[in-house]
Amino acid sequence: MSALTLETVFTAENVEAMNLAQSALADEDDGFLSIANATQIWILIAGFLVFWMHAGFTMLEAGSVRHSSAVNILFKNIGTIAIGAVCYYFLGYGFAYGEGNAEESSYDYISVGSFANK
């Protein structure tokens, strides 16, 4: 049995087949809700769930400390959200939705370009 390496998985034929399947899914319209719109809705729902989990963890932390330290915990968690939003603005959007990098014979796991929403 041969070892599974990147060279055996990512042959030109496999990459071309994956690109064809991805373009076929992107062009397909199901009538009520296209696959691209469903993907965007799922990303939004997942983001909302993360924010609700963060708020719940903030309440858990605030309830676990003395009353005088609760405000510090709340500000720490708000700061965490702010730092995460700034990092997403500068790096995350470009990685998730940036331009493709197929021209550089690389694979589209992480996009390049569109950093800081350019």
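**Exercise 1.** Find which residues Glu 61 touches, not counting residues up to four places away in sequence.

*Solution.* Keep in mind that this is a predicted model. Glu 61 touches Ile 73, Lys 76 and Asn 77 once those sequence neighbours are set aside. Now look at the side chains: those of Glu 61 and Asn 77 are joined by a polar contact of 2.8 Å.

**Exercise 2.** Decide whether Glu 61 is buried or exposed.

*Solution.* Start with where Glu 61 sits, which is helix 3. Its relative accessible area is 17%. Buried means under 20%, so Glu 61 counts as buried.

**Exercise 3.** Work out how helix 3 and helix 4 pack together.

*Solution.* Step one: helix 3 covers residues 35–64 and helix 4 covers residues 70–97. Step two: they pack at an angle of about 160 degrees, and their axes are 9 Å apart. Step three: angles over 145 degrees count as roughly antiparallel, so helix 3 is roughly antiparallel to helix 4. Step four: the crossing of these two helices is right-handed. Step five: the contact includes Phe 51 and Glu 61 from helix 3, with Ile 73 and Asn 77 among those from helix 4. Sorted by type, the contact residues give 9 nonpolar, 5 polar and 2 charged.

**Exercise 4.** Say what Phe 90 is in contact with, leaving aside neighbours within four places in sequence.

*Solution.* Phe 90 lies in helix 4. Its contacts are Phe 115 and Ala 116. The C-alpha atoms of Phe 90 and Ala 116 are separated by 4.2 Å, although the two residues are 26 residues apart along the chain. Phe 90 is partly exposed, with a relative accessible area of 45%.

Technical notes. Residues numbered from 1 in each chain as written. Predicted model: local features only at pLDDT ≥ 70, side-chain atom pairs only at ≥ 80, totals over all residues. Heavy atoms only, no water. Axes fitted to C-alpha atoms, helices over the stretch in contact; angles between N-to-C directions. Helix = DSSP H or I, 4+ residues; strand = E, 2+ residues; numbered from the N terminus. Parallel < 35°, antiparallel > 145°, perpendicular 65-115°, else oblique. Left-handed = near helix turned anticlockwise from the far one by under 90°. Contact = heavy atoms within 4.5 Å. Nonpolar A, V, L, I, M, F, W, Y, C, P; charged D, E, K, R; others polar. Buried < 20%, exposed > 50% of the residue type's maximum accessible area, 1.4 Å probe, protein only. Polar contact = N/O pair within 3.5 Å; in protein donor to acceptor, adjacent residues only side chain to side chain.
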